[in-house]
Amino acid sequence: MTPADLSPCVVRAVRRAVADGELGAGTVVPERVVVERTRPGGVGEYATPAALAVARSAGRPPRDVAGVLARRLGAEPGIERVEVTGPGFLNFVLPAPAAPALVARAIVLDIAIRDVRGGAAFLRAGLDDPDDPEDAGAAAGLRQRVVRRCVQRLVRAQGGSEQDVPAGLPVAPLARRDADAVRRYGADAACWAMLAVPARETPAFSDVLLHQGEASEFFRVRYAYSRSRALVRNAAQLGFHPEAGEVDDAPALLRLLADHPLVLEAAAHHRAPERLVRHLVELADALLDFHHRVLPQGDEKPSAAHRARLALAEAAGTVLAGGLALLGTDAPERL
């Protein structure tokens with residue numbers, strides 16, 4: 001069971017509870033439910049308010065519905081614990097994620113995102129010829145275009161259509177002084193800054209965007225991807241290649257990779273690209289903490305452990321590249 005499996009699992013639990021008469025025949029079974037990581041200090045690792053929505057059509061208090069679902073979900077293989085909190089939230093604890101499954105999922109995710117990469121290139125081409133930077137209206141239109149195109153890509157990656165995204169998303173424009181951000185920082189860095197904060201907030205620009213070091217989150221994400229590609233090249237020179245296997249010394253990286261599909265779903269559902277930005281930064285930092293342990297050191301010979309670590313690092317790089325494509329930015333193999 002992965003975090004991404006929780007949503008269909010909850011839907012099945014609702015459907016079966018209705019079929020077995022535990023919930024009324026008039027209960028509406030949702031097509032999908034939103035599952036997100038619990039906030040700091042919360043119960044469990046993941047949570048969903050699904051019972052609150054189902055309770056309306058079931059004619060039952062939300063906590064009652066949550067109790068019915070918790071009993072069923074607690075018996076599901078791969079779910080360690082389910083608890084009901086507050087007015088009826090379901091909270092889950094899952095086993096530690098397995099590296100081979102995450103490596104395989106990264107490949108599938110990469111295939112699913114490939115068709116949106118042309119849209120990212122189209123957006124960059126449009127930004128290379130910005131409107132009059134002194135025009136406040138042009139500044140408003142520029143960020144509106146960036147945010148909307150990113151949300152469209154996120155929705156398409158979840159199987160939706162661009163037509164599902166309203167034309168008038170509420171977006172704060174750039175400050176007049178930042179209207180020429182594309183010219184000053186380049187299309188990739190400008191897109192990153194415009195998407196790094198909620199759409200209703202005004203983005204901030206500074207020369208940190210151009211800094212090639214730890215101070216720049218934009219650099220760290222792209223650098224982490226380039227390091228993943230360098231590891232694969234260096235391993236080939238040493239005579240070995242990635243091979244999925246268990247990895248026991250990268251818990252943070254494993255958990256962030258497991259969370260990635262949920263982050264994409266939530267970013268699309270809430271029309272919130274900044275959620276993806278935050279996640280990519282965390283994932284990049286975890287990969288940069290891990291990458292020193294991937295290749296053999298000194299007189300070490302390449303082993304199954306090295307091949308498994310390499311496969312995990314490559315998968316993390318694949319996820320970073322896909323995330324950057326969804327944001328509309330390039331993922332250079334060398335920095």
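A residue counts as buried when its relative accessible area is under 20%, as exposed when that area is over 50%, and as partly exposed in between. Keep this rule at hand for the exercises below. The model you are looking at is a predicted one.

**Exercise 1. Decide whether Cys-150 and Cys-191 are buried or exposed, and find out how many disulfides the structure has.**

Solution. 
- Step 1: Start with accessibility. Cys-191 has a relative accessible area of 0%, so Cys-191 is buried. Cys-150 also counts as buried, because its relative accessibility is 0%.
- Step 2: Recall the bond in question. A disulfide is a covalent bond between the sulfur atoms of two cysteines.
- Step 3: Look up the distance. For Cys-150, the closest cysteine sulfur is the one in Cys-191, 8.5 Å away.
- Step 4: Conclude. Searching the whole structure turns up zero disulfides.

**Exercise 2. Work out the order of the strands in the sheet, and explain why E1 and E3 stand at the edges.**

Solution. 
- Step 1: Write down the order. The open sheet has four strands, arranged E1-E2-E4-E3, with antiparallel pairing.
- Step 2: Look at the ends of that order. E1 (36–37) and E3 (81–85) each have a single partner strand, so one side of each has no neighbour in the sheet.
- Step 3: Helix H3 (residues 62–73) touches E3 and strand E4 (89–93), and the directions of H3 and E3 make an angle of about 175°.
- Step 4: Follow the pairing at E1. Two bridges connect E1 with strand E2 (residues 46–48), and these strands run antiparallel. Glu-36 has Ala-47 in E2 as its bridge partner.
- Step 5: Follow the pairing at E3. Five bridges hold E3 and E4 in an antiparallel pair. Here Thr-85 has Phe-89 in E4 as its bridge partner.
- Step 6: Inspect the turn. Three residues lie between the strands of the E3 and E4 hairpin, and Gly-86 there takes a positive phi near 55°.

**Exercise 3. Describe where Arg-271 sits and which residues Arg-271 touches.**

Solution. 
- Step 1: Arg-271 belongs to the loop between helix H10 (251–269) and helix H11 (273–290).
- Step 2: Check accessibility. With a relative accessible area of 29%, Arg-271 is partly exposed.
- Step 3: Check the backbone. Most residues other than glycine have a negative phi. Arg-271 is not a glycine, yet its phi is positive, about 55°.
- Step 4: Find the neighbours. Leaving aside residues up to four places away in sequence, Arg-271 touches Val-151, Val-155, Asp-164, Pro-166 and Leu-169.
- Step 5: Contrast sequence with space. Leu-154 is 117 residues from Arg-271 along the sequence, while their C-alpha atoms are 8.3 Å apart.
- Step 6: One is the backbone oxygen of Asp-164, reached at 3.1 Å. Another is the backbone oxygen of Ala-268, which lies 2.6 Å from a polar atom of the Arg-271 side chain.

**Exercise 4. Find how many aromatic pairs the structure has, and describe two of them.**

Solution. 
- Step 1: Count. The whole structure contains three aromatic pairs.
- Step 2: Classify one pair. The ring centres of Tyr-185 and Phe-205 are 5.9 Å apart with planes at 15°, so this pair is stacked.
- Step 3: Locate that pair. Tyr-185 is in helix H7 (residues 181–185), and Phe-205 is in the loop between helix H8 (187–195) and helix H9 (217–237); they are 20 residues apart and link distant parts of the chain. Both Tyr-185 and Phe-205 are buried.
- Step 4: Turn to another pair. Phe-219 and Tyr-223 are also stacked, at 5.4 Å centre to centre and 15° between the planes. Both residues lie in helix H9, four residues apart, or about one turn of the helix.
- Step 5: Apply the accessibility rule. Phe-219 is buried because its relative accessible area is 14%, whereas Tyr-223, at 29%, is partly exposed.

Definitions and conventions: Residues are numbered from 1 along each chain as its sequence is written. This is a predicted model: local features need pLDDT of at least 70, side-chain atom pairs count only at pLDDT 80 or more; totals for chains, interfaces and linings use all residues. Side-chain values use heavy atoms; hydrogens and water are left out. Two strands pair if DSSP finds at least two bridges between them. Contact means heavy atoms within 4.5 Å. Axes are lines fitted to C-alpha atoms, for helices over the stretch in contact, and angles run from 0 to 180 degrees between N-to-C directions. A disulfide is a pair of cysteine sulfur atoms within 2.5 Å. Buried means under 20% relative accessible area, exposed over 50%, partly exposed in between (1.4 Å probe, protein chains only). A polar contact is a pair of N or O atoms within 3.5 Å; within protein, one must be able to donate a hydrogen and the other to accept it, and residues adjacent in sequence count only if both atoms are side-chain atoms. Rings of Phe, Tyr and Trp (its six-membered ring) pair if their centres lie within 6.5 Å; planes under 30 degrees apart count as stacked, over 60 as edge-to-face and the rest as tilted.
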